[in-house]
Amino acid sequence: VAGGFRLTPMDALVLIGHGSPLAGANRDMLRVAAALTRRDRPVSTCTVDRAEPDLPGLVAAHAAAGARRVVVVPWLLQLGRHLVEDIPRAVAAARTAAPGVQVVQADPLGFDELLVQLVERRIAGALDAAPAVGPPVVHLVGAGPGDPGMVTVRARELVATCDCLIHDRLVPPELLALAPSTAVLHPVGKHGWGEAVAQAAINELLVACAGRHRRVVRLKGGDPLVFGRAGEEIDALAATGIAVEIVPGVTSGLGAAAALGLPLTRRGTASSLAFATGRCHDDGAGPDWRAIAQVDTVILYMAARNLAAHCAALVAAGRSGGTPACAVQWATRPEQRTVVGTLADLAKQVAAAGLGSPLLVIVGAAAGNRTCPPP
Ligand SMILES: C[S@@+](CC[C@H](N)C(=O)[O-])C[C@H]1O[C@@H](n2cnc3c(N)ncnc32)[C@H](O)[C@@H]1O
């Protein structure tokens, strides 16, 4: 019998591969056929590109041995001429050659979800077995202002392939959803002034994760180097010899300006720009409001709390109360809300409108300078 396989009077199987003149080219298919035969199934093999043995001949041999049904399984063939023309033609010829036998063509293996899962398992296994290359790295990644479309290609790639993700509160949920289901997620977000996880604990977590996982991503809202306490995390990692890759993101101040159509600089009226915050340092010292007030366009981060005091501080430092100012909550997200006013009345307006954290304030001629309507 073709292929040397023992046939029993049961349903039979024919694996049909591509075929190649190269010696041993179909060894994988022959091995699978041998394994199936050991399970007492009559199995034989043939190929599309080689004349012997041919499918009608094999089916006739199975029929002669008592098979009433023969299942023809295309062996790892992709959709193409063989699958849609050659094999169906050979199956039709087999039906003619063995009229008493039901000949069925199975779906190609290559289309099966199980095969995809098997390939994924193999990839994971290969990665697990791979020796660690170089020192550990933590990827410090900016997640952009909130709109998932404003995320860099590198950020998406890192999140989609990480095995450990330590993330803040203000990262787009759509980006988190890209993390593999096998990745370990650590939400360490701070909400306003309340610290969900103390910075020292986050630093320790980063170091511990870098030792345990292959690809650790530290994901922060906006840009990681803008008001993100990145310096403390980089110091903690560097102190233990862990390298850091920094992937910038669109900082929320720039996202807000884009969302509102505000040019932050303009020839003749605004030639300097500051990212600032009114939040105090750990020692209680406030920012240098005099220096900040000198800048044409000021973007204030973490502006929800003490907004009235911060606006008053800018006025006390020399800025006119009539300076245009606007506040934006959830910039670039569908829930974005905006209030436009002046330094003198913005805090009142924000309170009346009920805007809260996360809130940015843009101060200067730019804030009253909306140039393009949103799409
Ligand atoms: C701890 S800082 C982090 C800033 C961030 N690294 C960045 O580059 O945008 C958090 C502050 O960023 C601002 N912020 C972040 N995302 C925002 C958004 N979508 N809308 C308004 N403000 C936002 C708020 O002022 C918030 O209090």
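Reader: What is the relative accessible area of Met-302, and is that residue buried, exposed or partly exposed?

Author: This is a predicted model, in which local features need pLDDT of at least 70 and side-chain atom pairs count only at pLDDT 80 or more, whereas totals for chains, interfaces and linings use all residues. Residues are numbered from 1 along each chain as its sequence is written, and side-chain values use heavy atoms, with hydrogens and water left out. Met-302 sits in the loop between β11 and α11, where helices (H or I, at least four residues) and strands (E, at least two) are DSSP runs numbered from the N terminus. Buried means under 20% relative accessible area, exposed over 50%, and partly exposed in between, with a 1.4 Å probe and protein chains only, so Met-302 is partly exposed, at 32%.

Reader: Which residues make the nonpolar surface patch of about 450 Å²?

Author: Patch members have over 30% relative accessible area and no salt bridge, and nonpolar side chains (Val, Leu, Ile, Met, Phe, Trp, Tyr) are joined within 5 Å, like charges within 9 Å. The patch of about 450 Å² is made by Phe-227, Val-250, Leu-254, Leu-273, Phe-275 and Met-302.

Reader: How many aromatic pairs does the structure hold, and which residues do the ring pairs link into a cluster?

Author: Rings of Phe, Tyr and Trp (its six-membered ring) pair if their centres lie within 6.5 Å, with planes under 30 degrees apart counted as stacked, over 60 as edge-to-face and the rest as tilted. There are two such pairs in the structure. Ring pairs join three residues into a cluster, namely Phe-227, Phe-275 and Tyr-301.

Reader: What is the angle between the ring planes of Phe-275 and Tyr-301?

Author: Phe-275, in strand β10, and Tyr-301, in strand β11, are 26 residues apart. Phe-275 is partly exposed, with a relative accessible area of 36%. The pair is edge-to-face, with centres 6.0 Å apart and an angle between the planes of 90°.

Reader: Which residues does Leu-300 touch, not counting residues up to four places away in sequence?

Author: Contact means heavy atoms within 4.5 Å. In soluble globular proteins, nonpolar side chains tend to be buried together. With that sequence exclusion, the residues touched by Leu-300 are Ala-276, Thr-277, Gly-278, Trp-289, His-310, Leu-314, Leu-359, Leu-360 and Val-361.

Reader: How far apart are the closest N and O atoms of Arg-69 and Asp-11?

Author: A search of the whole structure finds 12 salt bridges. Arg-69 lies in strand β3 (residues 69-74) and Asp-11 in the segment before β1 (12-17), so this pair ties together parts that are 58 residues apart in sequence. Arg-69 is partly exposed at 42% relative accessibility, as is Asp-11 at 34%. The closest N and O atoms of the pair are separated by 2.6 Å.

Reader: Are Asp-168 and Arg-218 buried or exposed?

Author: Their side chains meet in a salt bridge, 3.0 Å from N to O. Asp-168 is in the loop between β6 (164-167) and α6 (173-176), and Arg-218 is in strand β8, 50 residues apart. Asp-168 and Arg-218 are both buried.

Key:
Areas by Shrake-Rupley, 256 points an atom, 1.4 Å probe, with all protein chains shown as cover. Salt bridge = Lys/Arg side-chain N within 4 Å of Asp/Glu carboxyl O.
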